[in-house]
Amino acid sequence: ISKPFDAQKFLKMLAKWLPVEEATPQPETANAGADKPAPVAASINIAHLESFTEGDPLVEKELFAIFMDQMNIGLEKLVEHASDTHCAEWKGAAHRFKGASANLGAERLATLCASAEKSYEETEGTKRMLLESIREEAENVRTFLQNRINMKAGHAGTHTQLPVTVN
């Protein structure tokens, strides 16, 4: 997913492959999800995410899978180019990863990637410290996305596993 991102065009594109279902409101309970681990909600801006998925589990599942693929590629590229002092590839990978993160609503991850993008001329040690922070937040995002899919799938009795992050 790259910018500029048009939510309506994206939904129309997905509608070609995904069946359209009417959402059935789920009752809220005081203890809903009390037996499940708490998602790392602060890792994702839910309002931003739902502004283009409308909370549809099928749209979210597809979007999350695409994002996870892009996240893995971004991490691989940052690892590959962390040792270079003046590295256009590091800067480009951080920029793409920042855009994908921002489009999803992963604001902290996007901020970390923006720092990495600006730090392309820094030492290997600095880049590796940034990379570790990016990895940690990427794992928080992956955990949130997995929990959200499982929570929504729990209503249907199925669970889906997202791809695991690399390195």
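These legends walk through several close-up views of a predicted model. Because the model is predicted, local features need pLDDT of at least 70 and side-chain atom pairs count only at pLDDT 80 or more, while totals for chains, interfaces and linings use all residues. Residues are numbered from 1 along each chain as its sequence is written, and side-chain values use heavy atoms, with hydrogens and water left out.

View 1. Helices (H or I, at least four residues) and strands (E, at least two) are DSSP runs, numbered from the N terminus. Along the sequence the pattern reads α-α-α-α-α-α. The chain has 167 residues, and 38% of them count as buried; here buried means under 20% relative accessible area, exposed over 50%, and partly exposed in between (1.4 Å probe, protein chains only). Contact means heavy atoms within 4.5 Å. Among contacts between residues at least 6 apart in sequence, 73% join residues at least 24 apart.

**View 2. The largest nonpolar core holds 30 residues.** A nonpolar core is a set of buried Ala, Val, Leu, Ile, Met, Phe, Trp, Tyr and Cys residues joined through side-chain atoms within 4.5 Å. Look for F67, L104, L109 and L145, which touch the most other members. At least two core residues come from each of helix 2 (46–53), helix 3 (57–81), helix 4 (88–104), helix 5 (107–118) and helix 6 (124–154). Helix 6 gives the largest share, 8 residues. Zooming in on L109, and leaving aside neighbours within four places in sequence, its contacts are F67, M71, F97, S101, I134, E137, A138 and V141.

**View 3. Helix 3 passes helix 4 in a left-handed crossing.** A pair of packed helices is described by the angle between their axes and the distance between the axes. Axes are lines fitted to C-alpha atoms, for helices over the stretch in contact, and angles run from 0 to 180 degrees between N-to-C directions. For helix 3 and helix 4, the axes come within 9 Å and cross at roughly 160°, so the two are roughly antiparallel. Angles under 35 degrees count as roughly parallel, over 145 as roughly antiparallel, 65 to 115 as roughly perpendicular and the rest as oblique. A crossing is left-handed if the near helix is turned anticlockwise from the far one by less than a right angle, and right-handed if clockwise. On the helix 3 side you will find L63, F64, F67, M71, G74, L75, K77, L78 and H81, and they meet E89, W90, A93, A94, F97, A100, S101 and L104 of helix 4. By class, this contact has 12 nonpolar, 3 polar and 2 charged residues. Ala, Val, Leu, Ile, Met, Phe, Trp, Tyr, Cys and Pro count as nonpolar, Asp, Glu, Lys and Arg as charged, and the others, Gly among them, as polar.

**View 4. Helix 3 also meets helix 6 in a left-handed crossing.** The axes of helix 3 and helix 6 come within 11 Å and cross at roughly 165°, which makes the pair roughly antiparallel. Contributors from helix 3 include P57, E60, F64, F67 and M71, and those from helix 6 include K127, L131, I134, L145 and K152. The contact divides into 14 nonpolar, 1 polar and 8 charged residues.

**View 5. Helix 2 and helix 4 are roughly perpendicular to each other.** Their axes come within 7 Å and cross at roughly 80°. H48, L49 and F52 in helix 2 meet A102, N103 and L104 in helix 4. This contact has 4 nonpolar, 2 polar and no charged residues.

**View 6. M68 and V79 both lie in helix 3.** M68 is buried, with a relative accessible area of 0%, whereas V79 is partly exposed at 23%. The C-alpha atoms of M68 and A100, 32 residues apart along the chain, are 9.9 Å apart. For V79 and L131, 52 residues apart along the chain, the C-alpha separation is 7.4 Å.

**View 7. E117 sits in helix 5.** With 14% relative accessibility, E117 counts as buried. Not counting residues up to four places away in sequence, E117 touches K91, A94, H95 and K98.

**View 8. E54 lies in the loop between helix 2 and helix 3.** Most residues other than glycine have a negative phi. E54, though not a glycine, has a positive phi of about 55°. At 62% relative accessibility, E54 counts as exposed.
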